[in-house]
Amino acid sequence: MLQRDFEADGGLTPLPEERALDLRMQAIAAVSAVFEELELAQPTTEMKQSVAVASGSDETRSFSPRDVSFISEAIKDRGISVIDVIKALARRGFREEAENLLNVVKLRVSGDYLQTSAMIRDGKVISAVNDPNTYLGPGTGYRVTEERRQQLNAIRDVLDQKEVLRSEAMHEKEEARRIRYRSLGAALPGTAPGDIVIGISPAFGLKLFQTTAGHRLSDVLHEIMSAIRARGLTPRVVRFLHTADTSFLGLSAARLAGSGIGIGLQAKGTAVIHSKDRLPHNNLELFSNAPITQLAHYRGLGANAAAYALGEMPEPVVVPQRGEAMGSRYHARVALIYAIETGLTAEGAAPEEIEVTLTGAKP
Amino acid sequence: MTLSRSDYPLAETQPERIRGKRGLCLTDITLDAVMAGDVTMEDLRITPQALRAQADIARDAGRPTLALNFERAAELVDVPQDFIMQVYELLRPGRARSRAQLLDAAATLRRDYGAGRMAAFVEEAAYAYEDRGLFTYRF
């Protein structure tokens, strides 16, 4: 995706699904042949098939860690080397694979690939020595050729806006049974000190119906609103149409709120508590990791917004992070969700007062 | 003979001159030779000569620091793995308790393995670690 969208050629060339599957099957057959030929293990048909189509390790039926440690021990004890693997491949008819492996090992003898930025292309070594960087500023250096651009564009498993909208639409009917949003016209500044505004994003409940953690937006609103009500204050929902940015949703909400406290809430679940007197982004609390934000956290956010409105200094809600690398997993979907949100914005569009009716699920 | 960047990549410009420890050159290492049992792991390991050739090339390409790295690597080819790992561990912050421990390792490199450049590198580290307080026990 980065290659295609930013034309940052990372050297990857996408394959058609069928070719990729063929290669995978061939690789699995070759590896299995080596295991058998060297009498290390007997991979079953079920194992082989599971790894060919798996999207992750949860879907594979492979050797257990215990099996693997026995295999490793045997390799060590019997002194099995890459030469034995090359021979095993060739003996079982995988001549091309044997040649390839031998060529990889031969690279070690000359050490050409140890030079700066080296990579192997079609068996040849390219590095900063024989293919130096000629970048001298914009418009110079490596340029993607038209042919290469076509290759980069042919990426598999493309996730596009249509696909995101289609998967969201699957939740539309269900949400329609749980929540109604009715526009009451232009939203006006509140005066009551107990007035807390929840600023929702343009596509919230219109085109997008669940957070990236998979929570229904009706449930998220329910948690926030009931937590505010529990402190005797009044939540008011306003849809903003001039921005889709969480921080500005929160700040604009705060400026409309009689209490001066607003919550910004994007459909993907990113949320913020803002005060009207603070600089943009200098928020009171922020849930930046929507994929791991749970309903209880949203409830806490509502409770804390109420506490700030009552002049208290509550303990901020912490969303525990366990070092998950979420960026790459959600990058494409979130970029598309945000594009759907901003697609509904208009310069200077006035905020709308929304009457939210939580109807609950009907059987 | 000093090599230059025009000799790079060595495996492609002079495969018959790149030889393993037993004298087999790259063109001798074929799948048929492997199947006939004529190729051993010894033939698939880099030699000090090849590493020094890469040092020449790196230096000619304007990378003197990388060239020094290759030259130190050339000295390490025949040093036993266990000793290399021992020195490697010792060079981690907080492992060596004093400068003397690193200087001892450097002396062994120079005396037992003729690795003068590598020894000088470890000695340099010994003084740098002292300056930066890396001999302090950490765990």
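Which domains does the domain assignment give for chain A? Before I answer, please note that this is a predicted model. The assignment divides chain A into domain 1, residues 2-153, and domain 2, residues 161-358. The C-alpha centres of these two domains of chain A are 45 Å apart.

Let me turn to helix H6 of chain A, residues 95-110. Its 16 residues, at 1.5 Å a residue, should span 22 Å, and the end C-alpha atoms lie 24 Å apart, which agrees. The buried residues of this helix are A:Ala98, A:Leu102, A:Val105, A:Lys106, A:Leu107, A:Val109 and A:Ser110. Within chain A, they pack against helix H5 (82-91), strand S1 (119-121) and strand S2 (124-126). From chain B, their partners are helix H1 (10-13), helix H2 (31-35) and helix H3 (48-60). After H6(A) comes A:Gly111, with a positive phi near 70°.

That brings us to the interface. Here 31 residues of chain B are in contact with 29 residues of chain A. The two chains bury about 2600 Å² between them, and carbon and sulfur atoms give 64% of that area. On the side of chain B, the residues that lose the most area to chain A are B:Tyr8, B:Leu31 and B:Leu44, together 28% of what that side buries.

On the side of chain B that touches chain A, H1, H2, H3 and helix H4 (64-76) of chain B each give two or more residues. H3(B) gives the most, with five residues.

Technical notes
Residues are numbered from 1 along each chain as its sequence is written. Chains are lettered from A and ligands numbered from 1 in the order in which they are written. This is a predicted model: local features need pLDDT of at least 70, side-chain atom pairs count only at pLDDT 80 or more; totals for chains, interfaces and linings use all residues. Side-chain values use heavy atoms; hydrogens and water are left out. Domain bounds come from an automatic or database domain assignment. Helices (H or I, at least four residues) and strands (E, at least two) are DSSP runs, numbered from the N terminus. The expected span of a helix is 1.5 Å times one less than its number of residues. Buried means under 20% relative accessible area, exposed over 50%, partly exposed in between (1.4 Å probe, protein chains only). Contact means heavy atoms within 4.5 Å. Buried area is the accessible area (1.4 Å probe) that two parts lose on being put together, summed over both.
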